[in-house]
Amino acid sequence: NIYNVINFKSQNAIRTSYLSFLFLLITLYILFKMVTVPRNFRLLEELEKGEKGIGDGMVSYGLADQEDILMSSWNGTIIGPNGTTHEGRIYSLYIYCGDDYPNVPPNVKFISRVNLNCVDQDNGEIITSKFNILKNWNKNYTLETILTELRNQMTTHSNKKLVQPPEGSVF
């Protein structure tokens, strides 16, 4: 019967179209889940935020070299918190964002000499194993997150009363 043949072909075409559409939706879902913001777009967002100023102004950051098109080298600044031996001090830091940032944390180093339990006293580098933000890195963390948490470290019981090197000394 010709009617059954046409009906079968129509149902088969509808089923094929439905499966193709379902496959397309699944593929788009997978691609959407895999898409991440490219490194440079992420760093551009951070640069824009850093240039506008952050919160109460106690931490700041920006590119170390305005000509650095890869946006790898950054300077950071932390103003020491009140009620600590860091009060009123201005600390300078160097931050290097490698090719895999933000999936991998940046390298962070104090330029200004500081006495904190998460800072290597020989070279100023942050000791990853002693600084939870870097140790438990999450790609949603930012340069601001790092600087703010370092400032918070200055207020902890184990750091707030540590004797500090002479102001103005560097690593």
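Three salt bridges turn up in this structure, which is a predicted model. The idea behind them is simple: side chains of opposite charge can pair when their charged atoms come close. Here they are:

| Salt bridge | N to O distance |
|---|---|
| R42 and E46 | 3.0 Å |
| K52 and E48 | 3.3 Å |
| E144 and K49 | 2.8 Å |

Let's start inside helix α2, which covers residues 39–52. R42 and E46 both sit there, four residues apart, or about one turn of the helix. R42 is buried, with 11% relative accessible area, and E46 is buried too, at 4%. K52 and E48 are also both in helix α2, again four residues apart. This time K52 is exposed at 65%, while E48 is partly exposed at 45%.

What about E144 and K49? Their side chains meet in a salt bridge. E144 belongs to helix α4 (residues 143–153) and K49 to helix α2, so this pair ties together parts 95 residues apart in sequence. E144 is buried at 17%, whereas K49 is partly exposed at 43%.

How many disulfides are there? The count is zero. As for cysteines, C97 is buried at 0% relative accessibility, and C118 is buried at 0% as well.

Most residues other than glycine have a negative phi, and most peptide bonds are trans. M71 has a positive phi, near 55°. You'll find M71 in the loop between β1 (59–63) and β2 (73–79), and it is buried, with a relative accessible area of 6%. The peptide bond from Y101 to P102 is cis, with omega near 10°. P102 is in the loop between β3 (90–96) and β4 (107–110).

Note on methods: Residues numbered from 1 in each chain as written. Predicted model: local features only at pLDDT ≥ 70, side-chain atom pairs only at ≥ 80, totals over all residues. Heavy atoms only, no water. Helix = DSSP H or I, 4+ residues; strand = E, 2+ residues; numbered from the N terminus. Buried < 20%, exposed > 50% of the residue type's maximum accessible area, 1.4 Å probe, protein only. Disulfide = S-S within 2.5 Å. Salt bridge = Lys/Arg side-chain N within 4 Å of Asp/Glu carboxyl O.
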